[in-house]
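Hi,

Here is the structure I said I would pass on. Have a look, and my notes follow below.

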Amino acid sequence: MPSSTITDPAADRPQLAPFAVPLGDPAGIGPEIVAKSWVMREARGLPAFFAVGDMASLRAVWLGPVEQIAAPEEAASVFNRALPCLQVADAGPVVPGTPSIDGARTAFQALEVAVGLARTGSAAGIVTAPVGKEQLYGVGFTHPGQTEFVAERCGVAPHNAVMMLAGPSLKVVPVTIHIPLADVPSVLTADLIRARAVTTVKGLQRNFGIPRPRIAVAGLNPHAGEGGALGREEIEIIGPAIEALQAEGMNIRGPLAADGLFHSRARETYDAVLCMYHDQALIPLKTLHFDEGVNITLGLPIVRTSPDHGTAFGIAGTDSANPGAMMAALKMAAEAARARLTHGC
Ligand SMILES: NC(=O)C1=CN([C@@H]2O[C@H](COP(=O)(O)OP(=O)(O)OC[C@H]3O[C@@H](n4cnc5c(N)ncnc54)[C@H](O)[C@@H]3O)[C@@H](O)[C@H]2O)C=CC1
Ligand SMILES: NCC(=O)COP(=O)(O)O
């Protein structure tokens, strides 16, 4: 049994170790939604977790009980009475809504520590609160996002780490992620589509227990290119990639016109959609499920989830952040960790 599980003799089933929750940018809504999730832990059946970051960022927005822990092993016994926090750095004065260099460094450090804890089994996985990408880039973070950073720390190539956004009625995967829209056509290759599709299928089996996932693939151009009249990527890149995967036995179809792929009847016909660029995937997901959308990284040896939204600097410190997506991310992390134990992979 991996060290991220302990046995509960009463229930005679493996219990998960607590999840590590890096607080993200201290000036964003991360600390608030983590604290609010802790308040809702019993009502929502959330798994045990501990914050990783600067306790001062929690104190700046929350008057509830926080207890500093020296090691993850202390988290389980503290969790019922207080939000456990593993202090990793001093973010300096925390002003909600006003990001700072020290805050970005703390977010970076907390992420690094949390990944290490999950890799060694001291945490059952990581559930990351939002970071400010612009702020992270300013302190030497060289990856496009946390997805690629965590993948690298786990020894996984970026092509094989898949960002999936998941809500109750829709799961989407952007094939290209954080790149300028103008670069999408040149980055899109059959190899990249293949790598994303293979990891997506394995990830749906492993984390969601779907035995034979049905994959729909969106086209890049309007009307999926209209037979080449509105663009040739469907004919030259996307179509051949799909045919090759079908020949290997994958339940995959497309390229399909993206504008007709997300209505309720269409959503019943697949388990996930491969989309060609970031907004093609994230706009439908966030429109349908903003307050319950989860970003889960597939293809990693550890469980990593995150709420779908960002730092929301504009409302930080106003007590108006909705913790729904953070709670959904915690629940999905626990479900994925359990599914991995059940399916033995
Ligand atoms: N997983 C992550 O770490 C992510 C980080 N980001 C980062 O967040 C920063 C801000 O990005 P934006 O595009 O402004 O997106 P955002 O998600 O932070 O905000 C978009 C809108 O939704 C609102 N909002 C977001 N979360 C909310 C919540 N829980 N409750 C109530 N209202 C909420 C905001 O106030 C704003 O009006 C950027 O630096 C970006 O890089 C963005 C997306 C994901
Ligand atoms: N738009 C999704 C997003 O920014 C999350 O990226 P990541 O930091 O989880 O890679």
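Which domains does the domain assignment of the chain give? Domain 1 covers 1-156 + 300-345, and domain 2 covers 160-299. Please keep in mind that this is a predicted model.

The C-alpha centres of the two domains are 28 Å apart. Where they touch, domain 1 contributes 25 residues and domain 2 contributes 22 residues. On the domain 1 side, α6 (146-153), β14 (304-307) and α12 (324-343) each bring at least two residues to the contact. The most comes from α12, with nine residues. By type, that side of domain 1 has 13 nonpolar, eight polar and four charged residues.

Now to the histidines. The unreviewed UniProt entry lists His178, His223 and His278 under "binding site". These positions span 101 residues of sequence, and they are spread in space as well, with up to 23.8 Å between C-alpha atoms.

Two of them can be described further. His178 sits in the loop between β9 (170-174) and α7 (184-187), while His278 belongs to helix α11 (residues 278-289). Setting aside neighbours within four places in sequence, His178 is in contact with Pro144, Gly145 and His278.

Best wishes

Notes: Residues are numbered from 1 along each chain as its sequence is written. Chains are lettered from A and ligands numbered from 1 in the order in which they are written. This is a predicted model: local features need pLDDT of at least 70, side-chain atom pairs count only at pLDDT 80 or more; totals for chains, interfaces and linings use all residues. UniProt positions are given in the numbering used here, feature names are shortened, and annotations may be inferred rather than shown by experiment. Helices (H or I, at least four residues) and strands (E, at least two) are DSSP runs, numbered from the N terminus. Two residues are in contact if their C-beta atoms, placed from the backbone, lie within 7 Å. Domain bounds come from an automatic or database domain assignment. Ala, Val, Leu, Ile, Met, Phe, Trp, Tyr, Cys and Pro count as nonpolar, Asp, Glu, Lys and Arg as charged, and the others, Gly among them, as polar.
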